[in-house]
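Please look over the structure below. A short report follows it.

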Amino acid sequence: MDTPSAVVTFDASLFSEETIKKAAYTFAAAASVDIRRSGVEWVCAFRFLRPMKPEDIHETVESFRIEVLDQDLRERVAAETRETRNSILAVAFSRTGLQRSE
Amino acid sequence: MSKFRPLAAFDQSGAAPYTLLPFRFTRLDRDRYVASNMAGEYAVLDRTTVEALVKHQLASDTNAYRDLASRHFLIDADSSVGRDLLALKVRTRLSRLSEFTGLHIFVVTLRCEHSCPYCQVSRQSMDTEAFDMTLNTANRALDLVFRSPAPHLKIEFQGGESLLNFPLIRHIIVRAKKINAAQGDRPLQFVIATNLALIDDEMLAFAKEHDILISTSLDGPADLHNCNRPRPGRDSYERTIAGIEKARRVLGHDRVGALMTTTKESLRQPRAIIDEYIRQGFDSIFLRPLSPYGFAVKTKSYAAYDVSSWLAFYFKGLSYIIELNRQGQRFVESYAAIILSKILTPFSSGYVDLGSPAGIGIGAVVYNYNGAVYASDEARMLAEMHDETFKLGDVHTASYEDIFLSDRLLDPLEESVALSVPMCSDCAFEPYCGADPVFHHATQGDYVGRKPTSAFCQRNMAIFRHLIRLMEDDPEVRLIFRSWASRG
Ligand code: SF4
């Protein structure tokens with residue numbers, strides 16, 4: 001029996017490839033997701049790994065849409081806080097002796 | 001502490017200039033998110049609040065804003081020390097790392113009179129020469145123990161059945177104390193892991209004299225325990241219970257602890273297992289998952305049930321324990337307590353499986369009976385399956401530096417730091433989670449693993465969500481969990 005599939009699209013001017021890829025990765029236990037750029041859109045083709053009811057497919061696709069929006073917010077946080085994060089980590093690890101002396 | 005923030009909690013008209021501090025967020029359930037900062041402080045928010053926060057639209061005169069500012073999710077002109085304070089808190093959490101290798105496990109023999117089907121390491125052989133640690137090996141290992149810069153040292157004896165080589169345990173303890181005294185007397189603790197079937201008065205008198213803790217195995221009521229732990233006479237349970245009583249009489253009630261192993265048979269009876277622990281006077285239980293190593297894999301007892309059936313068992317057990325606490329019985333589930341101490345206190349746990357960087361080599365190190373040194377107990381079990389990936393060296397040929405600065409230890413440590421692993425790097429539960437490169441190597445073939453399909457990730461994420469939901473939804477559970485956290 002064929003496993004179910006679904007296609008979801010996103011406006012490529014609003015979402016980066018990184019955002020879409022990261023969101024898709026979190027669904028790896030349920031589906032393989034093929035991501036392609038088609039004109040102004042990202043086209044994400046889901047191939048589910050197991051048979052699923054239509055309502056479950058619908059729910060998974062909806063969760064994926066939310067995950068893409070969340071991932072986009074995460075990218076913004078990461079971009080704004082990158083420097084702070086690195087300086088805090090440098091302080092925190094400075095006395096652990098974990099750094100390797102080459 | 002954290003509360004669900006309704007939409008009305010902020011007013012975009014009064015949006016203030018603020019800078020975000022690093023934080024991550026993950027869905028808790030349909031409507032709520034968990035956000036956590038680098039120090040592990042968390043807040044439960046709805047999506048609208050998360051979005052407003054990230055887009056700098058959160059109004060400064062709202063409770064949500066004040067809460068998030070006080071918990072270091074953002075800084076503004078009024079909170080200029082926020083960044084430094086956060087750095088300090090992160091450092092406190094990571095302080096475990098500078099306490100390099102406090103737990104040293106000596107496998108004094110592989111021999112055992114039990115034949116438990118899930119045990120990876122034991123041998124029925126009575127050939128002491130082949131499977132016992134020698135005096136020379138023990139002395140070399142002790143030299144390494146005392147090179148550790150850890151402020152506290154713990155030496156644990158394991159087997160096989162460790163008491164089958166009691167003369168060596170005696171030697172190691174006496175010698176360790178002598179070396180320690182000459183070095184300035186660091187706190188030094190000893191634990192004997194034993195099934196207690198062989199314990200006698202002489203051993204107990206020695207244990208009393210040297211303040212030794214006993215850690216035994218109790219899998220549940222007699223039927224279950226004896227089915228899990230076959231031995232000649234089929235009396236493992238009876239011997240364990242008699243041993244616990246005897247050891248408590250001599251050493252004191254609190255000097256005897258017990259650990260359970262979860263098998264397929266256990267999954268149907270979480271309540272009976274917990275009741276057995278209570279009946280035997282224990283005030284906690286560690287509801288453990290079955291390890292994926294060794295015979296457990298070979299005999300298919302690992303594949304026999306999946307993560308979701310273990311989780312069902314765990315949640316059923318946890319809910320029963322919470323019910324007991326509500327009725328006034330103080331009883332703790334230890335895995336939850338370890339996680340809760342990470343969530344609710346600024347201290348990081350020394351628990352090896354939930355360390356990031358991984359606890360291997362740092363939290364614990366294992367000296368096998370033949371002198372091989374492994375990065376953790378699981379690493380030694382993996383070696384029993386002919387996978388020596390985490391063998392760090394040999395006490396007879398390697399120096400301290402060879403072992404603890406070897407690529408075999410540092411590579412998996414560096415690669416698996418959860419902060420930088422795909423999916424973990426975005427996960428709000430990362431400050432409470434671990435890396436466990438040995439597990440991922442054993443189950444997925446690399447140190448990091450693919451987290452979306454990792455049983456480790458699936459199990460822990462479900463537990464983090466469950467514990468946080470329980471606390472958020474019921475103030476009484478929050479109080480109970482706070483008291484557990486102080487023990488974790
Ligand atoms: S292993 Fe899973 S639960 Fe743990 S930090 Fe990584 S993604 Fe989060």
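Which side chains meet in a salt bridge at 3.6 Å, N to O?

## A salt bridge between chains

Lys22(A) and Asp426(B) do. A salt bridge here is a side-chain nitrogen of Lys or Arg within 4 Å of a carboxyl oxygen of Asp or Glu. The rule finds 2 salt bridges across the interface of chain B and chain A.

## Basis of the model

This is a predicted model: local features need pLDDT of at least 70, side-chain atom pairs count only at pLDDT 80 or more, and totals for chains, interfaces and linings use all residues. Residues are numbered from 1 along each chain as its sequence is written, chains are lettered from A in the order in which they are written, and side-chain values use heavy atoms, without hydrogens and water.

## The interface

In chain B, 42 residues are in contact with 29 residues of chain A (contact: heavy atoms within 4.5 Å). Together the two chains bury about 3,200 Å², meaning accessible area (1.4 Å probe) lost on being put together, summed over both. Carbon and sulfur atoms carry 64% of it.

## The nonpolar cores

A nonpolar core is a set of buried Ala, Val, Leu, Ile, Met, Phe, Trp, Tyr and Cys residues joined through side-chain atoms within 4.5 Å. Buried means under 20% relative accessible area (1.4 Å probe, protein chains only). The largest core has 122 residues. Phe481(B) is among those with the most contacts inside it. Not counting residues up to four places away in sequence, Phe481(B) touches residues including Ile322(B), Leu340(B) and Met471(B).

Another core, of 20 residues, lies apart from the largest one. Tyr18(B) and Leu45(B) are among its residues.

How values were computed. Buried means under 20% relative accessible area, exposed over 50%, partly exposed in between (1.4 Å probe, protein chains only).
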